[in-house]
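Open your viewer and get ready to select a few pieces in turn.

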Amino acid sequence: MRVYFHNIWISLATAFEGMSITFSHLFRKPYTVQYPDRIAVRVQDTLPYRYRGILEVDLEICTGCLACERACPIDCIRIDAKKDMQTKEMLLNRFDIDMAKCMYCGLCSEPCPTGSIHHTREFEGSDYSLESLVKRFVKVPVPAYKPKKSGEDDPAILPILERGMRYIDEFADPDDGSGA
Amino acid sequence: MQEYLTTLLGGAEGLALEVGYLLGMLAFGAIVVFGFILPVAGITSWLERRVWARMQSRIGPNRVGPFGFLQWLADGLKNLLKEDVIPTAVDPRLFRIAPYVVVVGFVAAFVAVPFGANLIIADLNIGILYVTAATSLVVVGILIAGWSSNNKWSMLGGIRSATQIVSYEIPAGLGIFPVVLLSGTLSMQGIIEAQGWQPWNWHMFHSPFALAAFLLFFVSALAEGNRTPFDLPEAESELVAGFATEYSGMRMLLFFLAEWGNLYLIGALMATLYMGGWQVPPFTENAVLLGVAQFLSIFLKSCFWVFVAMWIRATLPRVRVDQLMTLCWKYLVPIGLVCVLGTAVTMVVAPEGILGLRFAMFGLVVLVIANFFRRVVFHLRRAKGMGWTIAG
Amino acid sequence: MSVEIEVEGQGLATEEMTLNMGPQHPSTHGVLRFIVKADGEVMRTAIPDIGYLHRSIEKIAEKVGWHGFMPYTDRVDYVAAMTANQGWGMASEKLAGIEVPKRGEYCRTIAGELGRICSHLLAIGATGMDIGAITPFTHALREREMINDLIEELCGARLTYNYMRIGGVAWDLPPGYQEKVLEYLDHLEPTIHEINDLLSYNKIYVERLANVAVVSPAMAKNFNLVGPNLRASGVKYDLRKDQPYSVYDEFEFDVPIGEGEMGQVGDCWDRYMMRIKEVFESIKILRQALRQIPDGPVIAKVPRNLKPPAGDVHVRVEGARGDMSWYVASDGTEFPYRVHIRTGSWTAMSIIQELSRGLMIADLVAVIATFDIVAPEVDR
């Protein structure tokens with residue numbers, strides 16, 4: 001008999017307690033982020049510095065070392081780098097990344113010596129066909145970047161290289177510059 | 001209503017009067033169904049989603065119209081335009097009929113639901129009995145849906161629904177009995193007239209037994225309306241979508257329309273039976289103004305219970321089938337019998353009612369509510385310590 | 001499997017009903033399938049049918065090399081990927097004889113415990129959801145999102161972390177990270193208490209879970225249950241305590257066991273409560289780790305072209321779903337010769353058929369939820 005009334009009491013009491021919690025939530029601010037339109041700042045800009053979004057390559061500082069291609073566990077990076085017989089320069093004929101295959105693991109950007117291949121904070125990559133997800137960075141064959149011993153002085157390349165080196169530095173301040 | 005129509009029709013006599021009266025009833029019924037029940041059911045769906053969302057620290061639908069208010073219209077339109085898929089393996093005739101049976105069941109119940117002193121489609125002298133009977137028609141529809149879908153999950157849902165609604169008719173009836181005893185009539189208007197506008201004159205506070213019967217009726221009504229914690233027929237984590245698994249488009253919507261409409265029905269019954277219905281303080285002689293006040297009185301009381309049902313749904317888990325039966329037969333039915341007997345005894349001992357007891361019961365409920373807000377403030381304080389932003 | 005059907009009298013013939021629960025069923029947590037033989041609502045048996053989420057992860061390891069397999073380990077148990085990362089890292093390190101720097105081990109512990117809380121929160125919320133309470137689920141997921149934000153800051157991803165590397169971790173803690181996590185933990189504790197008040201002690205919830213699908217300690221050992229499921233049956237066994245790996249021996253924490261507060265030891269409620277208790281233990285570990293973390297490098301020097309000497313190792317990690325065993329064999333080349341992973345969900349899956357006899361269909365849902373079965377971990 002005591003169990004019987006205890007059951008009734010405990011059911012009412014616990015339901016009462018639970019309902020007071022849910023009621024108190026009516027007075028708390030919702031946690032929803034109304035992506036994509038009703039937000040103060042773009043989500044991309046609120047992401048941390050290390051965020052692994054869609055891959056981007058700065059061909060100006062790509063040395064054509066193929067480290068990223070070798071590191072990629074699913075072979076979604078294709079690079080054709082040939083030595084030009086006349087000028088003795090490395091020529092990049094092709095640098096494709098298949099973003100449909102990419103699993104955003106970040107293994108490719110780690111071995112990159114200049115920070116050329118890097119993750120952006122962009123994540124909106126939906127498209128109508130798989131074909132258009134293959135990012136072809138090389139439009140016309142370009143010479144690969146050669147690090148200079150005396151330090152970089154070309155004003156066209158210097159800011160890009162600085163960005164790349166900052167990307168490699170894991171303690172870089174996220175608010176410094178335009179971000180990766 | 002009847003007097004209104006008689007004066008409206010003036011000198012018409014005999015058959016003409018009867019036909020006119022019938023037509024008038026039909027017109028009022030149509031207004032109630034299309035102008036009140038359907039919008040109320042739709043708005044309930046919107047409100048339910050908003051209330052849930054806020055309780056779950058979300059926002060809920062807020063894109064269609066201000067605060068997403070027109071979401072229910074958009075959803076209704078969308079479902080109307082959707083393909084009416086009828087799987088090949090189903091029993092097509094029964095499959096098509098089932099949603100209509102459900103809708104007819106709940107719409108028919110509104111015939112005897114009062115909206116004001118003069119606003120009622122038909123003040124049947126067995127009103128409350130009629131409502132209970134009409135809502136039972138819903139179970140037939142659900143059972144048909146479950147069976148004809150030719151899907152085992154649907155069938156389980158249908159059978160669960162049948163067992164549940166049939167069993168809970170008894171505690172629901174026992175929850176109604178004390179009121180019938182107290183007012184000495186089955187008519188809805190009669191029940192309301194037997195109560196006063198002051199809260200302590202409501203049937204709810206007549207005696208501890210009436211208060212218990214009131215809770216009992218609410219719990220059984222939730223079970224009859226397939227609401228959490230008794231939403232077993234459509235328990236989505238167990239039975240996919242229960243009896244509605246194979247339905248799509250408007251037919252599926254009709255089931256949910258009935259569910260949300262039922263919610264208002266539960267509220268209206270709670271208000272009518274225990275909370276003084278449309279009773280308002282006699283503040284004016286103006287019939288129109290009084291009518292509006294009466295309508296608002298019963299409408300707001302009903303809406304309060306609609307809100308409570310949503311709130312319960314956002315809070316409580318679902319019971320199991322055997323626990324459902326245990327709760328019904330071991331707890332609700334004995335308590336219901338005690339309530340009926342207790343009310344009867346109280347009436348014999350004090351035919352006029354004990355005013356002190358009424359105030360004591362009223363005070364008890366006020367205390368419970370005060371304690372409730374104390375707990376809410378406690379949780380809000382704790383939340384503030386957790387770094388929550390407290391907003392209105 | 002045939003079950004005798006009793007036909008009572010001459011009149012009504014009853015028939016056993018075969019229900020197909022899954023692979024698309026709302027409460028199978030991924031793509032599980034159960035063939036349920038039921039007599040009305042009461043189950044005769046529920047036979048698990050696995051393999052719907054098999055992705056040959058073990059075979060992939062043989063083709064992608066030692067470093068390249070790390071992102072795949074995220075996919076073994078995508079709810080708590082950190083411990084899988086750690087398992088693969090530890091196995092490879094043991095094979096190649098690599099010493100992980102102290103700070104690296106601490107980073108691993110911090111990340112792993114955050115991942116464990118993440119996974120347990122999902123388990124807590126999903127159990128509530130399966131029992132029919134929808135609000136605790138969103139509350140738990142809200143907390144999980146907050147932890148995901150922290151992890152995102154640490155390693156740049158929210159689900160497939162790929163944070164650890166052979167020889168340590170990929171990135172050091174970002175500046176100010178310790179304070180941030182400590183601040184968050186102060187928020188998490190009362191939140192768990194709130195979920196307790198809202199859900200765990202609710203009478204309906206207790207009725208649904210207590211005394212359902214009781215697993216005795218002997219049965220738990222026989223079926224090789226691991227992790228929280230084993231401890232809920234009253235067996236005090238935690239790899240972090242009993243075979244300390246990484247730096248777990250440097251922390252003070254308890255190993256909670258099921259106490260049968262609401263029913264018998266080892267029932268569904270105990271298994272559910274186990275997760276909540278473990279969240280508190282993880283919070284304890286995190287607090288200590290964040291305060292004690294030493295300075296130094298986070299990753300050892302590991303050759304990019306790693307070729308561990310031939311041999312095989314067996315490494316065990318206490319994952320969120322229990323003992324995750326890694327057997328890795330190397331033949332001295334740059335590709336592993338064989339990798340085998342044994343996971344907690346797998347063993348939990350095997351006990352369901354035994355437990356299902358005489359339960360109701362609604363209980364099966366509770367059993368799946370409280371064993372915290374994650375389909376990809378079963379099939380890999």
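Begin with chain C and select helix α4 (residues 102-131) together with helix α13 (residues 361-370), whose axes lie 9 Å apart at an angle of about 175°. α4(C) and α13(C) are therefore roughly antiparallel to each other, a label used for angles over 145 degrees, while under 35 counts as roughly parallel, 65 to 115 as roughly perpendicular and the rest as oblique. The axes are lines fitted to C-alpha atoms, for helices over the stretch in contact, and the angles run from 0 to 180 degrees between N-to-C directions. Helices here are DSSP runs of H or I with at least four residues, strands are runs of E with at least two, and both are numbered from the N terminus.

Show side chains for the contact itself: Ala126(C), Thr127(C), Asp130(C) and Ile131(C) come from α4(C), and Val365(C), Ala366(C), Ala369(C) and Thr370(C) from α13(C). Residues are in contact when their C-beta atoms, placed from the backbone, lie within 7 Å. By class, this contact has five nonpolar, two polar and one charged residues. Nonpolar covers Ala, Val, Leu, Ile, Met, Phe, Trp, Tyr, Cys and Pro; charged covers Asp, Glu, Lys and Arg; the others, Gly among them, are polar.

A word on what you are viewing: this is a predicted model, in which local features need pLDDT of at least 70 and side-chain atom pairs count only at pLDDT 80 or more, while totals for chains, interfaces and linings use all residues. Residues are numbered from 1 along each chain as its sequence is written, and chains are lettered from A and ligands numbered from 1 in the order in which they are written.

**Chain C by domain**

Stay on chain C and color residues 1-54 as domain 1 and 57-368 as domain 2; such bounds come from an automatic or database domain assignment. The C-alpha centres of these two domains of chain C are 31 Å apart. Where they meet, 15 residues of domain 1 are in contact with 14 residues of domain 2. On the domain 1 side, pick out strands β2 (33-39) and β3 (42-49) of chain C, each of which supplies at least two residues. The largest share, seven residues, comes from β3(C). That side of domain 1 divides into nine nonpolar, four polar and two charged residues.

**From chain C to chain B**

Now show chain B as well: 30 residues of chain C are in contact with 26 residues of chain B. To find the chain C side, select β1 (17-21), α4, α5 (135-155), α6 (177-200), α7 (203-209) and α13, the elements that give two or more residues to it.

**Inside chain B**

Hide the other chains, and you will find 13 helices and zero strands in chain B. Its C-alpha trace spans about 70 × 60 × 45 Å along the principal axes. With 392 residues, a compact globule would have a radius of gyration near 21 Å, and the 22 Å of chain B agrees; this radius is taken over C-alpha atoms, and the globule rule is 2.2 Å times the number of residues to the power 0.38.

Next, select helix α6 (residues 152-183) and helix α12 (residues 321-349) of chain B, whose axes come within 8 Å and cross at roughly 10°. α6(B) and α12(B) are therefore roughly parallel to each other. Their contact has 19 nonpolar, five polar and one charged residues.

Then color domain 1 (75-353) and domain 2 (355-392) of chain B. Their centres, taken over C-alpha atoms, are separated by 27 Å. Eight residues from domain 1 of chain B and six residues from domain 2 of chain B make the contact.

**Last stop: chain A**

Bring back chain A, which has four helices and six strands. Its C-alpha trace spans about 100 × 35 × 30 Å along the principal axes. A compact globule of 180 residues would have a radius of gyration near 16 Å, but chain A has 26 Å.

Finally, show chains A and C together: 23 residues from chain A and 22 residues from chain C form the contact. Which helix gives the largest share of the chain A side? Select helix α1 (residues 2-24) of chain A, which contributes eight residues.

Technical notes:
Contact = placed C-beta atoms within 7 Å.
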